[in-house]
Amino acid sequence: MPNVAVIGAQWGDEGKGKVVDWLASRADIVVRFQGGHNAGHTLVVGNETYKLSLLPSGVVRGKLGIIGNGVVLDPRALLAEIDRVTAQGLEVGPDNLRIAENVPLILPLHPALDRAREAARGERKLGTTGRGIGPAYEDKVARRAIRLCDLAEPETLSAKLDELLLHHNTLLQGLGSEIFSKEALYAELIDLADRLLPFAEPVWQRLDAARAAGQRILFEGAQAVMLDVDHGTYPFVTSSNTVAATAASGSGIGPAAIGTVLGIAKAYTTRVGSGPFPTELTDETGMLLGDRGREFGTVTGRRRRCGWFDAVLVRQAVKVGGIQGLALTKLDVLDGLAELKVCTGYRLGGETLRHLPAAPGAQAAVTPIYETMEGWSGSTRGARSWAELPAQAIKYVRRIEELVEAPVILLSTSPDRDDTILVKDPFAG
């Protein structure tokens with residue numbers, strides 16, 4: 001059976017939660033393969049709303065969820081999330097949630113360092129969530145991370161904490177922040193071991209067996225391509241690779257098993273935090289998009305910046321992210337606008353560009369080249385077939401396909417799971 005990897009095609013917050021939830025109902029296993037609890041999905045199921053940050057979306061649909069080794073895991077955040085959804089009626093335990101035994105852990109010192117660095121940057125801050133994601137990935141690369149499997153070996157854990165604190169307490173002290181006690185951290189981790197270790201396993205074995213058995217696997221990405229640490233708007237990016245290739249390395253499965261790559265994009269553009277945003281609207285239209293789209297981050301609670309659809313950005317994400325088809329979300333937010341604009345290129349000095357340059361100065365200096373399109377007076381909200389869409393809305397979608405050089409294979413017309421127009425089943429390969 002073909003598998004599917006879902007990634008964001010803009011700066012995140014594209015409505016992946018609904019799309020992943022819709023796909024999860026047709027999958028056997030859902031795998032989170034990168035990021036941490038700095039990203040979130042909001043799932044609306046009937047009268048219940050679930051806000052997930054670490055749990056794979058499949059747990060809402062009773063499917064097996066896997067947290068892969070490419071994730072950085074905050075144990076306290078995970079357990080709090082499990083407790084929260086349990087209170088909402090979901091059952092989450094080792095029978096439906098497995099965690100890679102080699103997943104790196106986020107410890108309390110990581111968010112402390114994250115926040116201290118942001119404060120030191122002042123006006124040049126990156127706009128991180130302050131949840132310790134970046135420092136945890138740094139420790140992983142530097143080979144000093146505490147991993148879930150270490151909780152089963154107290155002597156290993158003790159020795160690794162010595163090395164970790166030598167590094168972090170030196171940095172924290174230099175930034176004028178409180179340092180951490182080894183004894184307190186060690187005691188906390190040993191206390192957490194009993195709750196966490198029952199979830200741990202070499203998940204690559206389970207995934208290999210699932211693939212051999214023909215089960216459908218859905219790989220669930222966090223953030224988006226333009227926040228990729230290599231390919232995004234660096235340094236205003238996340239600390240992991242968000243492209244589809246990471247689904248393989250972040251879960252322990254061969255790249256040929258990833259299957260169809262589905263990119264999620266809004267019918268307009270949003271961004272949370274700092275960094276360049278060529279099509280940003282700071283006028284009444286930008287406010288209108290934000291209000292209609294309820295543009296507030298699931299994790300941060302911050303209002304998202306809003307702007308016109310940037311086809312240059314999405315086309316770039318399609319190319320570097322390996323996207324084979326798009327799921328276009330929130331088309332209904334554009335209902336009733338007399339005029340729409342789509343960015344088809346950038347100007348930088350006297351040059352015309354069809355890509356976003358890598359240099360931060362150039363990224364901040366580009367100005368968009370717009371194509372103006374007629375809006376539509378009818379409603380797209382709740383549409384479940386092309387026949388229910390206004391003609392101009394269809395024309396808008398078709399133009400996006402041309403500009404980004406990828407087909408729209410799924411169209412979302414409201415937060416409701418069933419308000420979806422399916423052009424091609426991603427699981428069909």
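Ala, Val, Leu, Ile, Met, Phe, Trp, Tyr, Cys and Pro count here as nonpolar, Asp, Glu, Lys and Arg as charged, and the others, Gly among them, as polar. The model is predicted, and local features need pLDDT of at least 70, side-chain atom pairs count only at pLDDT 80 or more, while totals for chains, interfaces and linings use all residues. Residues are numbered from 1 along each chain as its sequence is written, and side-chain values use heavy atoms, with hydrogens and water left out.

**Cavities**

A cavity is a set of points, on a 1 Å grid over the protein atoms alone, where a 1.4 Å probe fits but cannot get out; its lining residues have an atom within 4 Å of a point. Grid points are joined across faces, edges and corners, and a volume is the space filled by probe spheres set on the points. The structure has 2 cavities of 30 Å³ or more.

| Cavity | Volume | Lining by class |
|---|---|---|
| Largest | about 50 Å³ | 4 nonpolar, 4 polar and 2 charged residues |

Among the residues lining the largest cavity are R32, H41 and E220. The second largest cavity is lined by D74, P75, R76, I106, L107, P108, E188, L189 and L192. Helix 2 (75-87) and helix 6 (182-196) are the elements that give two or more residues to this second lining, and helix 6 supplies the largest share, 3 residues. Helices (H or I, at least four residues) and strands (E, at least two) are DSSP runs, numbered from the N terminus.

All 5 of the 5 residues of strand 1 (residues 4-8) are buried, where buried means under 20% relative accessible area, exposed over 50%, and partly exposed in between (1.4 Å probe, protein chains only). V4, V6 and G8 cover one side, and A5 and I7 the other. Two strands pair if DSSP finds at least two bridges between them. Strand 1 pairs in the parallel sense with strand 9 (residues 260-266) over 5 bridges, with G8 opposite I264. Strand 8 (residues 217-220) also runs parallel to strand 1, joined by 3 bridges, and V4 stands opposite L218.

In helix 4 (residues 133-141), the buried residues include I133, Y137 and D139. R143, which follows helix 4, has a positive phi near 65°.

**Cysteines**

The whole structure contains 0 disulfides, a disulfide being a pair of cysteine sulfur atoms within 2.5 Å. C343 is buried at 0% relative accessibility; its sulfur lies 16 Å from the closest cysteine sulfur, in C306, too far for a bond. C149 is partly exposed, at 24% relative accessible area.

Definitions and conventions
1 Å grid on protein atoms, 1.4 Å probe; cavity = no way out; pocket = protein on both sides within 12 Å on 5 of 7 lines; lining within 4 Å.
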